[in-house]
Amino acid sequence: MVQGRSYSNLIAHIALWFGIGIVAFPVYLTLVASTHEASAIANGNMPLWFGDNFLINYYKTLFVGSSKSTRTLVSTMMLNSLVMALTIAIGKIAISIISAYAVVYFRFPFRMGFFWLIFVTLMLPVEVRIFPTYKIVADLGLLDSYAGLTIPLIASATATLLFRQFFLTIPDELVEASKIDGAGPLRFFWDTVVPLSRTNMAALFVILFIYGWNQYLWPLLITTSGDMQTIVIGIKKMITITDALTEWDVVMTTTMLAMIPPVAVVILMQHWFVKGLVDTEK
Amino acid sequence: MEKRAIYSHKLLPYLLLLPQMIVVIVFFYFPASQAVYQSFLLEDAFGLHSEFVWFENFQHVLSDPDYWLSFVVTAIFSVSVAGLSLSLALFFAVMADGQIRGANAYKTLMIWPYAVAPAVAGVLWLFMFQPSLGILAQIIRDRFGVDWNPLLNSTHAMLLVIMASTWKQISYNFLFFLAGLQSIPRSVIEAAAIDGASATRRFWTIIFPLLSPTAFFLLVVNVTYVFFDTFGIIDTMTGGGPSQATSTLVYKVYNDGRAGSNLGGSAAQSVILMIIVVGLTAIQFKYVERKVHY
């Protein structure tokens, strides 16, 4: 055994609590701020303990507009974020799994060419082609629509790569058996490949849901009407950096609401999250 | 590795590939090629007439002091965030790796910031350091007598975005360092302990070298993160300012293109970014290949 256990364990516990403190403190302050009224925050002497406005703040932010400006209800923004995150996650998984199936289980001209076309998109993140992509979406009339928010982000080289790697480990005997039973490729896909891929799908889903929910640059460009705003963009639009008019109680409440869904997904599906993170980065 | 049992079907594979191919061509390759094409064009102010100018846009961009400033900003930003978040994460991972009670609970409590959107992380930290109402901003001003103002002071603004970006990235690095540490065989470490190596010596001579592939992989991922994913942090906290002090390469492409006056210049910047991404990805895959040969 390595010596000095109990003493070094104590140091480890203290160090980790220190780390958790650093990690949690900004969120704690935000949570506290979301229970105070605007004036208590704005004067710069916010109490470090919770106030009485918890229900009022969350109710007002979610379901009632603001008095100072007409702004979209945060519940609408959350719905938009949810639609965007789910469409991106499910869409990426769906189109990647069928692409990978085609590349692994069929032989056809330019098979690897197609694979490389998908693979190289890894090197074209949206940031390097922002304005031309925006122009295409505008030309297609997809601005301010769920289709415009999601479809341009729905291709996925990492998911395709991951499914391809996984399919290569499925024993050939399964395909042969399925062929002997007289089942065609689509039948084999539904009855064998999809059920076997459930673990990978769950892991990918967690990562891609977070990716979709947290999108910033793309929805910022694509949405102009308030009704299509996602919650992350909504927060940005509420903050007027140099202006004293920012309603910090609403901003802090919205910030909490923007964090809750993805953080809950990570904590509740921690096992899948860790697997997804490690798999997609391989 | 290839499959032995395969299907021979003329049309089906193309149909299966079709959805992804449409997205990839319409929203990836076509816009990327447009960016490359535009980077060789010079348009007049009204966008009515354009002229093929070869590398003139690139010459303009590369001789623009603002562009070099954003290179410097990106370099300072990347080195600080990668350095800070890697070393902090490594420290906490080493602490969590010992067989202490509640190791799993600690892990959960450390990794959740991964799920926080960069833009939201920016708001969290802005709230603490906002000059007029931020609690920590007040402490800095009252206790340390520093005239803290990230809205006007370049150094303060840079510190602010570095802190928020580091905070956001610690959880990711922690998870990978912890996984790396746990894959080191206990027996090796215990053998060294029996030989009388101190904990510090064990760390630097055994654990750290065995962890270096993880560290290198994380370094590349972190640099990519700082380049691209911090856009939301910068946009919510400083908007690239004051006077471009936090305007990274990616932020500058966005800002210059949004102003819309210089399409060719913005496109040339995009092309330079593409080259950087290709380089980063190549390094990443070269490393992965080496790991496979191990």
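Figure 1. The arc is that of the directions from the helix axis to the C-beta atoms. Helices are DSSP runs of H or I with at least four residues, strands are runs of E with at least two, and both are numbered from the N terminus. Keep in mind that this is a predicted model: local features need pLDDT of at least 70, side-chain atom pairs count only at pLDDT 80 or more, and totals for chains, interfaces and linings use all residues. As for the labels, residues are numbered from 1 along each chain as its sequence is written, while chains are lettered from A and ligands numbered from 1 in the order in which they are written.

**Figure 2. Helix H15(A) and its neighbours.** H15 of chain A takes in residues 270-280, and its buried residues are Trp272(A), Phe273(A), Gly276(A) and Leu277(A). They span an arc of only 130° around the axis, which puts them on the same side of H15(A). What do the buried residues of H15(A) pack against? Their partners are helix H11 (198-213) and helix H14 (248-268) of chain A, together with helix H7 (154-182) of chain B.

**Figure 3. Inside the largest nonpolar core.** A nonpolar core is a set of buried Ala, Val, Leu, Ile, Met, Phe, Trp, Tyr and Cys residues joined through C-beta atoms within 7 Å. The largest one has 158 residues, and Tyr101(A), Val120(B), Trp125(B) and Phe174(B) touch the most other members. Helix H4 of chain A (residues 74-105) gives the most to this core, with 17 residues. Zoom in on Trp125(B): leaving out residues up to four places away in sequence, Trp125(B) touches Pro26(A), Leu160(B), Met163(B), Ala164(B), Trp167(B) and Met237(B). Two residues count as in contact if their C-beta atoms, placed from the backbone, lie within 7 Å.

**Figure 4. Where chain B meets chain A.** In this view, 79 residues of chain B are in contact with 83 residues of chain A. Helix H1 of chain B (residues 12-38) supplies the largest share of chain B's side, 17 residues. That side divides into 60 nonpolar, 15 polar and four charged residues. For this count, Ala, Val, Leu, Ile, Met, Phe, Trp, Tyr, Cys and Pro are nonpolar, Asp, Glu, Lys and Arg are charged, and the others, Gly among them, are polar.

**Figure 5. Two loop residues with positive phi.** Asp144(A) isn't a glycine, yet its phi is positive, near 55°. You'll find Asp144(A) in the loop between helix H6 (130-139) and helix H7 (146-150) of chain A. Is Asp144(A) partly exposed or buried? Asp144(A) is partly exposed, because 15 other C-beta atoms lie within 10 Å. Ser243(B), also not a glycine, has a positive phi of about 40°. Ser243(B) sits in the loop between helix H10 (231-237) and helix H11 (249-259) of chain B. With 12 other C-beta atoms within 10 Å, Ser243(B) is exposed.

Definitions and conventions: Buried ≥ 20, exposed ≤ 12 C-beta atoms within 10 Å, placed from the backbone.
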